[in-house]
Amino acid sequence: MNLLKEFETRDVLAPLKDTHEIDLVSQEVRPTFNLAAYINRSATLQEMVRLGVDISKWEKRKGISSYILKLDLECDMKQHLMFLRDQGVKPEDLGRWLTINPLIFREKIEDLDARINYLKAVKFTSDEIARLISRNPHWLLFSTVRIDNRLGFFQRSCDLSRDEVRVVAVKEPRLITHNLHHIKRTSIAVTEEMGFDKNEMKSLMLSTPKLWIAHGPSLLRKFDYLHNEMGLSHSVLVKFPKILQSREFRIKQRHQYLKTLGRAQYDPQKPNYVSPASLVEGSDLKFCSDIAKSTVHDYNLFLKTL
Amino acid sequence: MLKIVRYAPEAWNMLQGVFCVYKPADMTMNHLRKVLIGNLSRDLNLLKTRPATPMVAIEGSVTENLVVKVTENYADHPLVLGPRYQPKDIKLAWAHQLDKNISGVCILGVNSGTKGTHKVRESQLIRSYIVSGQFGRTTDTLFNDGKVIGKSTYKHVTRGRLMRTLMTIQAGHQRSALHFLGLDPQSQEAYEALSADGLVRPGEKSPPLIYALKIVDFNLPDFTLEVSCINENAVYLQHLVHDLALRLKTTAVCTQMRCIRYGPWTLQHSLLHKHWCLEHILDNITHSKPLFKDIMPKSASLVMLKNEQSKEL
């Protein structure tokens, strides 16, 4: 600062005392809306990009850029990166992981160790823990007490045993840290609005926990079409839960096509049975040749009449 | 003649023009636009994009040697700046906003093609719709999904009666077409316009004008009409079905509206939802170019349709 003030008042034509001073006069680092302005000077940010982190996504979130710029790779970040690697997050996956959760550096290493110890105490294996943390970067931000409460919530609401809660958590780690209000709303939709009973809901939770993360109104619309228009009963839907996960337009288009061909037969007792799973699986080519027994060209012509 | 394009900026330069899409039935135009823009930017980013331009750095000290080096520029890296093609970079406009309930041919223009969509709209092209209805009930929205507010019998409706009502409506429209010419009905130009070959199109903005009404299917209580018109919208078509039924002393509700022609663009030109990707859209732009050239009417106010279009009516 003093040097700069001196530069302002000294005589320009007089020779410098020490030519090293010129090296110190560099471009000012000004406020900017973009991390790209700082990255060529910051070794920390460059290391992040080398790991594969998408910094442009960090910029979009409030407060992340100003937090990250204050961190130093050696003191603040290295320990966390080693912790993640030890727990089983693959190095090529680290970029994606840090893009989703840069706030991991705020947590103390002792807290993170305690949370992993809790998971081991609840009898998750180390492979399972690696999967939990990799698939759901937000898991480690939740304290032991919160995770315990969440696991307990799922156990109570769906009558699951402790082993089954573990199976659900490993199958869909994002479910455990998902918005609780949304999960409760979806559970109510499944039991009251769609009419599944307790056992059917438990079976759905064990086979496709992803339904509870999906968009509620779309799920209801899909169910309405499947149950009322196509006539698939609750037990059939529980047997083929994948159909509840597929896109609404695909179900509608393929069902209507089969209907015009007279092949929309979902009762296994009758001939020409089409299983609901095969209705939505596979490309249009496979669907047309195997199930509809016609050509893709014909299917496209039909789609233009909808 | 196929051309293989692997470099994204080359594909971007080709992504200018008017193309034609088959809009699915339950999709709003805004959503369609977002889906298309998202698909285009995703596909452009998958191609080989512009590499990061290196940075020229001057390193060293003034007292020793100053070295000029060309170094890697992190500031131009896609992970720092974001993907090379983002949704906000692509301009997409439509020629006519189709209602959520209408499916069918929909003309869109991308990047510099947005001026093309203006041209398409001003050309006042004839659009053909397949409108399906069902006698016997009427709803508050005049469409299938509304609350039923009235029921009636329809056994007395015959194909002949329906045909006669359609003729009446069509004749009424042809009479009022004279007013929308914007000419003095007693003048020589008006006489020439009416007696000349081909159909007459209004010079400037007019209310919906029907040129042809045909029965495609008559299967009580369902019926299907083919309507060729100008300046229509979804509400007008639904009202058409409703009024038609009232004239026949019954009630009807509209079950489906499908646009099958928009000027020279027909169903075979339009792209299905599963084909909304860069490759097919670029193809479609190329195929639409010859169609687009001929649409602008030659004279200003008194405009005649091309004979081919009037023949197909």
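User: What makes the crossing of α16(A) past α19(A) left-handed or right-handed?
Analyst: α16(A) passes α19(A) in a left-handed crossing. The term is used if the near helix is turned anticlockwise from the far one by less than a right angle, and right-handed is used if clockwise. Helices and strands here are DSSP runs numbered from the N terminus (H or I of at least four residues for helices, E of at least two for strands). A word on the source: this is a predicted model, where local features need pLDDT of at least 70 and side-chain atom pairs count only at pLDDT 80 or more, while totals for chains, interfaces and linings use all residues. Residues are numbered from 1 along each chain as its sequence is written, chains are lettered from A in the order in which they are written, and side-chain values use heavy atoms, with hydrogens and water left out.

User: How do you know how the axes of α16 and α19 of chain A are oriented?
Analyst: The axes of α16 (residues 216–229) and α19 (residues 248–261) of chain A come within 10 Å and cross at roughly 20°. Those axes are lines fitted to C-alpha atoms, for helices over the stretch in contact, with angles running from 0 to 180 degrees between N-to-C directions. Angles under 35 degrees count as roughly parallel, over 145 as roughly antiparallel, 65 to 115 as roughly perpendicular and the rest as oblique. α16(A) is therefore roughly parallel to α19(A).

User: Which residues make that contact between α16(A) and α19(A)?
Analyst: On α16(A) they are A:Arg221, A:Lys222, A:Tyr225, A:Leu226 and A:Glu229, and on α19(A) they are A:Glu248, A:Ile251, A:Lys252, A:His255 and A:Gln256. Contact means heavy atoms within 4.5 Å. By class, the contact of α16(A) with α19(A) has 3 nonpolar, 2 polar and 5 charged residues. In this scheme Ala, Val, Leu, Ile, Met, Phe, Trp, Tyr, Cys and Pro count as nonpolar, Asp, Glu, Lys and Arg as charged, and the others, Gly among them, as polar.

User: What about α7 and α9 of chain A: how are their axes placed?
Analyst: The axes of α7 (residues 73–87) and α9 (residues 109–121) of chain A come within 11 Å and cross at roughly 15°. α7(A) and α9(A) are therefore roughly parallel to each other. Here the crossing is right-handed. A:Gln79, A:His80, A:Phe83 and A:Gln87 of α7(A) meet A:Ile109, A:Leu112, A:Asp113 and A:Ile116 of α9(A). That contact of α7(A) with α9(A) has 4 nonpolar, 3 polar and 1 charged residues.

User: Why is A:Lys123 called exposed?
Analyst: Exposed means over 50% relative accessible area, buried under 20%, and partly exposed in between (1.4 Å probe, protein chains only). A:Lys123 has 61% relative accessibility, so it counts as exposed. Its place is in the loop between α9 and α10 (126–135) of chain A. Phi of A:Lys123 is near 75°, a positive value in a residue other than glycine. Most residues other than glycine have a negative phi.

User: And what makes B:Asn231 buried or exposed?
Analyst: B:Asn231 has 15% relative accessibility, so it counts as buried. B:Asn231 sits in the loop between β11 and α7 (234–247) of chain B, and has a positive phi of about 60° although it is not a glycine.

User: Where is B:Asp222, and why is it called partly exposed?
Analyst: B:Asp222 is in strand β11 of chain B. With a relative accessible area of 34%, B:Asp222 is therefore partly exposed. Leaving aside neighbours within four places in sequence, B:Asp222 is in contact with B:Gly133 and B:Gln134.

User: Why does B:Leu47 get the label partly exposed?
Analyst: B:Leu47 has a relative accessible area of 24%, so it is partly exposed. B:Leu47 lies in the loop between α2 (29–46) and β2 (55–60) of chain B. Apart from neighbours within four places in sequence, its contacts are B:Val5, B:Arg6, B:Ala8, B:Ala11 and B:Leu278.

User: Which peptide bond is cis?
Analyst: The bond from B:Leu220 to B:Pro221 is cis, with omega near -5°. B:Pro221 lies in the loop between β10 (209–219) and β11 (222–230) of chain B.
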